[in-house]
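These are my notebook entries on a structure that I had not looked at before. I went through it one topic at a time and wrote down what I found.

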Amino acid sequence: MRGPRPEDFETNPSTPITGQPTPTYPAGARKKGVGVRTWLVLCSKGQAQTTEVGKHAIMRRTGLPARDLRILDPLLSYPSTVLGRERAIVINLEHIKAIITAQEVLLLNSKDPSVAPFIDELQRRILCHYHATKPKEEENYEGEYRTSMDQGQGEAQFFGDEAKKDAKQSLENQDGSKVLPFEFVALEACLEAASSSLESEAVRLELEAHPALDKLTSKISTLNLERVRQIKSRLVAITGRVQKVRDELEHLLDDDEDMAEMYLTEKLAQKLENSSASSMNESDTVEVDLPEGDEDDRLPAEFASESNRDESYLRANDDAHDLLKSTHSALSRNSRGTHTSSTRSAMTNKFDVEELEMLLEAYFVQIDGTLNKLSTLREYVDDTEDYINIMLDDKQNHLLQMGVMLTTATLVMSAFIAVAGVFGMNINIELFNDNKAGPMRFAWTVIGGFIGSIFLYVGAIGWWKQKRLLE
């Protein structure tokens, strides 16, 4: 079977090789395997850089699983979420979609106009944090270098202590006072931006709702009812969003293990400290000299070689056993879920979560205040609806009473018409004889029937009022 000819393909003019086939995709079709997105990276020095990387690169960079990155996907609808992981914090609050590590912040929707003020505020806070901790970092660096060079502790100890000091440098200010770590500075900016956005929407809605509700109570019309309906729809939507943020903060405050997972700088410092200690132990083990003795010298050559071979065999078994233990622990750590890893980390590190708890409580109170404000507005809307329903019911009752009175009047008039119909029959009576009765009797008959109908109507209305069927 002959394949397609080169002229059957669409050529790309910008391609240097003419006739190179260019794949075409249908309109609206999405290319498979294309997961590259634009990320704005803010480092700990406040420098911003826009980069385009794929999902797997972000996973390797932050240590996050794919399901956590799926929370930040703008094509999917996920509720407000704050997740603490081993090396990063995932933030999905309103218009803010970010990943916070111990050294940088990655923003997904940086080109959104509503995110631009947040980026400026976050960059300003990071710069303030960097300038507040920079002198302390330089002093620690010089002091560690001078001390290590004077004492001659070795290159491994210097780099281990310097890395530990560099990881913990964000916890102290230049005057010795304790400041927030880098991840908490970024987390605070995200929480403040989300809570401020929700509060501004709530205040704006409240300013629009009160005049519309007052106007509806004074005049019930289709236009006023439509305005109130739109306001109520917006109120329900904003209340749901605020409730989700509040529930997320409440969940974090109730779980100390999740809060302990967010201490990225502390975990990084502890990890560097453990690695430096392990490297020093390994160096000490290598440099230890065996004690000199005469027993090995007195052994024959074949026995000495046999004993050395046994020692090497035991040492190899011990190394293999340690390797299996480390491999098993690594596999078990990777196979566990995020909740199990957070429990293990919290039980191992036992960080003091009071600092983060105070930070979250401050914004929890703010979000709770916004929710209370929306709840008050919702109650005002419900009260207005109840008042409108009462007014409509009252008008309906008046219409029903008017219908009863008109029905009664129709019944009385029907009785009078029935009397007139009786007199309209073709019968011979003295009332129809002009010589005997005359027109006066006819007039008195009509007037009497009319007055009797009125008395009958008044009596019926009085009886219904007595029975409280009418007001």
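**Entry 1: H12 against H13**

I began with a pair of helices, and noted that H12 passes H13 in a right-handed crossing. The model I am reading is a predicted one. Looking up the geometry, I found that the axes of helix H12 (residues 354–423) and helix H13 (residues 439–466) come within 10 Å and cross at roughly 150 degrees. Angles over 145 degrees count as roughly antiparallel, and H12 and H13 are therefore roughly antiparallel to each other.

I then listed who makes the contact. On the H12 side I wrote down Val404, Met405, Thr408, Ala409, Val412, Phe416 and Phe423. On the H13 side the residues include Thr445, Val446, Gly449, Phe450, Ser453 and Leu456, and I also noted Tyr457, Ala460, Ile461 and Trp464 there. Sorted by class, the residues of this contact of H12 with H13 are 13 nonpolar and 4 polar, with no charged residue.

**Entry 2: H6 against H12**

I next followed H12 to another partner, helix H6 (residues 222–254), and found the two packed at an angle of about 150 degrees with their axes 9 Å apart. That makes H6 roughly antiparallel to H12. H6 passes H12 in a left-handed crossing, and the contact of H6 with H12 holds 16 nonpolar, 3 polar and 8 charged residues.

While I was on H12 I looked up Glu357, which has its place in that helix. Is Glu357 buried, partly exposed or exposed? At 26% relative accessibility, Glu357 counts as partly exposed. Setting aside residues up to four places away in sequence, I found that Glu357 touches Leu253 and Met259. I also recorded that the C-alpha atoms of Glu357 and Asp254 are separated by 9.5 Å, although these residues lie 103 residues apart along the chain.

**Entry 3: H5 against H6**

H6 also packs with H5, at an angle of about 155 degrees and with the axes 10 Å apart. H5 and H6 are therefore roughly antiparallel to each other, and H5 passes H6 in a left-handed crossing.

From H5 I noted, among others, Leu191, Leu198, Glu201, Leu205 and Glu208, which belong to the set that meets H6. By class, the contact of H5 with H6 has 15 nonpolar, 1 polar and 6 charged residues.

Not counting residues up to four places away in sequence, Phe118 touches Ile96, Leu107, Ala189, Cys190 and Ala193.

Leu122 is in helix H3 (residues 116–151), and Leu122 is buried, with a relative accessible area of 0%. Leaving aside neighbours within four places in sequence, I found Leu122 in contact with Leu42, Val105, Leu107, Ala186 and Ala189. For Leu122 and Cys190 I wrote down a C-alpha to C-alpha distance of 8.0 Å and a gap of 68 residues in sequence.

**Entry 4: a loop residue**

I stopped at Glu94, which is found in the loop between strand E4 (89–93) and strand E5 (96–100). Phi of Glu94 is near 55 degrees, a positive value in a residue other than glycine.

**Entry 5: the chain as a whole**

I left the overall counts for last. The protein chain has 13 helices and 6 strands, and buried residues make up 30% of its 471 residues. Of the contacts in the protein chain with a separation of 6 or more, 67% are accounted for by residues 24 or more positions apart.

Notes
Residues numbered from 1 in each chain as written. Predicted model: local features only at pLDDT ≥ 70, side-chain atom pairs only at ≥ 80, totals over all residues. Heavy atoms only, no water. Axes fitted to C-alpha atoms, helices over the stretch in contact; angles between N-to-C directions. Helix = DSSP H or I, 4+ residues; strand = E, 2+ residues; numbered from the N terminus. Parallel < 35°, antiparallel > 145°, perpendicular 65-115°, else oblique. Left-handed = near helix turned anticlockwise from the far one by under 90°. Contact = heavy atoms within 4.5 Å. Nonpolar A, V, L, I, M, F, W, Y, C, P; charged D, E, K, R; others polar. Buried < 20%, exposed > 50% of the residue type's maximum accessible area, 1.4 Å probe, protein only.
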